[in-house]
Amino acid sequence: MPQPLQIGQRVKLRRPHACGGDEWQIFRVGADVGLRCLTCGRRLLLPRGQLERRIVAISPPDLPDA
Ligand SMILES: [Zn+2]
């Protein structure tokens with residue numbers, strides 16, 4: 001089942017980035033999904049199917065604490 005990916009969500013990927021960070025924020029969705037590394041700020045695009053196989057956790061979009 002496809003993951004309900006939304007801009008602003010944070011995801012954890014199976015393998016850490018080269019910088020050591022493993023948390024990313026989604027800034028673009030489509031056939032390719034744009035991710036920004038929350039540790040070093042680099043951006044990358046991954047095909048959606050490839051990304052879905054790498055995700056280990058999804059957090060909701062950033063919202064003020066309720
Ligand atoms: Zn990074």
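Is glutamate 23 buried, partly exposed or exposed? In this predicted model, glutamate 23 is partly exposed, with a relative accessible area of 25%; here buried means under 20% relative accessible area, exposed means over 50%, and partly exposed lies in between (1.4 Å probe, protein chains only). Residues are numbered from 1 along each chain as its sequence is written, and side-chain values use heavy atoms, with hydrogens and water left out. Because the model is predicted, local features need pLDDT of at least 70 and side-chain atom pairs count only at pLDDT 80 or more, while totals for chains, interfaces and linings use all residues.

Glutamate 23 belongs to strand β2, where strands are DSSP runs (E, at least two residues) numbered from the N terminus. Leaving aside residues up to four places away in sequence, glutamate 23 touches Arg10, Val11, Lys12, Arg36, Cys37 and Leu38, a contact being heavy atoms within 4.5 Å. Its C-alpha atom is separated by 9.5 Å from that of leucine 35, which is 12 residues apart from it along the chain.

Five strands form an open sheet with antiparallel pairing, in the order β4-β3-β2-β1-β5; two strands pair if DSSP finds at least two bridges between them. β4 (43–47) and β5 (55–59) stand at the edges with a single partner strand each, so one side of each has no neighbour in the sheet. From one strand to the next, the twist averages 35 degrees, with axes taken as lines fitted to C-alpha atoms and angles running from 0 to 180 degrees between N-to-C directions.

Two of the pairings can be followed residue by residue. Strand β1 (residues 10–13) is joined to strand β2 (residues 23–28) by three bridges, and valine 11 has tryptophan 24 in β2 as its bridge partner. Five bridges hold for the antiparallel pair β3 and β4, in which valine 33 stands opposite leucine 46 of β4. These two strands form a hairpin with five residues between them, and glycine 41 in the turn has a positive phi of about 85 degrees.

A zinc ion is also present, coordinated by His17 (ND1), Cys19 (SG), Cys37 (SG) and Cys40 (SG) at 1.9 to 2.4 Å; donors are N, O and S atoms within 2.8 Å of the metal (3.2 Å for Na, K and Ca). The four donor atoms subtend angles of 104 to 114 degrees, so the arrangement is tetrahedral, a label that requires all angles to lie between 85 and 135 degrees. Histidine 17 is buried at 16% relative accessible area, whereas cysteine 40 is partly exposed at 37%.

Methods: Helices (H or I, at least four residues) and strands (E, at least two) are DSSP runs, numbered from the N terminus. Four donors count as tetrahedral if all angles lie between 85 and 135 degrees; four count as square planar and six as octahedral if opposite donors are over 155 degrees apart and all others between 65 and 115; anything else is irregular.
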